[in-house]
Amino acid sequence: MNSLAFPGCPSPLTPASTAPGLHPIPSPRIKIRFQRLEDAAHHHLRARSSASSRTRTVAMASGLPVSSKEVLPSPLTSASEPPPLFDGTTKLYVAYYCPFAQRAWIARNYKGLQDKIKIVAIDLADRPAWYKEKVYPENKVPSLEHNNQVKGESLDLVKYIDSNFEGPSLLPEDPAKKQFAEELLAYTDAFNKALYSSLLSKEDVSEETVAALDKIEDALGKFNDGPFFLGQFSLVDIAYVPFIERFQIFYSNIKNYDITKGRPNLQKFIEEVNKIDAYTQTKLDPDFLLEQTKKRLGIA
């Protein structure tokens, strides 16, 4: 799946600022747990009467997770010094607004590894040169520094985190569920491509998109012991939820299309996954995601 489909996850060969046909996204220099808004944010923000409203406003302006219980670091830029590298600390390199990185981030949270895997945020629009030169030559997120090695690719990292760290298992023992998990993981790129294609088109939602959503609806109904793809929450849900989250927002606002209409399993999935803290603590303000996507697609 071409990561240009999602703001904040540009290909290392085609940066967001130069991608043909796409509008650049201003770098959200996220300042987490700060007391005052940056000057640039004042132009876009309205004064709010309550502390909770002010927090949500800051989140929208800077693209930080709106429900995080963790004190998260500010993204590192081209002007930032690298953290201590290969010092025995396990580090997960992410961009807060990248759905691919969000997968590994959710897995880390769900297994309760906040104290064992340190988050290092990268500003993808102003990437530090040392990240490619010294950490991950692919120059993408996510990547994981562990045991003096760096591994990448979001789905591989979810499996790696599940297999190499303690915490709740993300894959059931049932052989039928394991096989279905692999089938669904193999379908993720095709699903994202089918959904993204209609967003680019000025036509109505395509049959390909409808078929992809129907396939997900059917998959969510395969097992009856829970609302998730394998019944109980698993790495398959982690693989899909960052994208389903975004597509629900984008289709509702850009195409006036409700992806859950006539799909009760998908509706229930969205309701239940939003009760899982490991996921909700990685979510961004939907208005921020929509605003950045419209800019990227050149939609007023």
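This is a predicted model: local features need pLDDT of at least 70, side-chain atom pairs count only at pLDDT 80 or more; totals for chains, interfaces and linings use all residues.

Trainee: What makes a residue "buried" here?

Mentor: The cut-off is under 20% relative accessible area. Take strand β3, residues 143-146. Ser143 and Glu145 on one side are buried, and so are Leu144 and His146 on the other. Each of these four counts as buried, so its relative accessible area is under 20%. That is what it takes to say both faces of β3 are covered.

Trainee: How do you know that β1 and β3 pair?

Mentor: Pairing needs at least two bridges between the strands. Strand β1, residues 91-94, is joined to β3 by 3 bridges, so the pair qualifies. The two run antiparallel, and Leu92 has Leu144 as its bridge partner in β3.

Trainee: And what makes β3 and β4 a pair?

Mentor: The threshold is again at least two bridges, and β3 and β4 (residues 149-152) have 4, so they pair as well. The sense is antiparallel. Across from Leu144 you find Lys151 in β4, while Ser143 stands opposite Gly152.

Trainee: What sits between β3 and β4 in their hairpin?

Mentor: There are 2 residues between the strands, and in this hairpin Asn147 takes a positive phi near 55°.

Trainee: Why are β2 and β4 said to stand at the edges?

Mentor: Start with the sheet: it is open, has 4 strands in the order β2-β1-β3-β4, and its pairing is mixed. β2 (118-121) and β4 each have a single partner strand, so one side of each is left without a neighbour in the sheet. On average, neighbouring strands in this sheet are turned by 25° against each other, direction ignored.

Trainee: Which helix lies across β1 and β2?

Mentor: That's helix α3, residues 99-110, running at about 145° to β1.

Trainee: How many helices and strands does the whole chain have?

Mentor: The protein chain has 11 helices and 4 strands.

Trainee: What share of the contacts with a separation of 6 or more comes from residues 24 or more positions apart?

Mentor: For this chain it is 73%.

Key
Residues are numbered from 1 along each chain as its sequence is written. Side-chain values use heavy atoms; hydrogens and water are left out. Contact means heavy atoms within 4.5 Å. Buried means under 20% relative accessible area, exposed over 50%, partly exposed in between (1.4 Å probe, protein chains only). Axes are lines fitted to C-alpha atoms, for helices over the stretch in contact, and angles run from 0 to 180 degrees between N-to-C directions.
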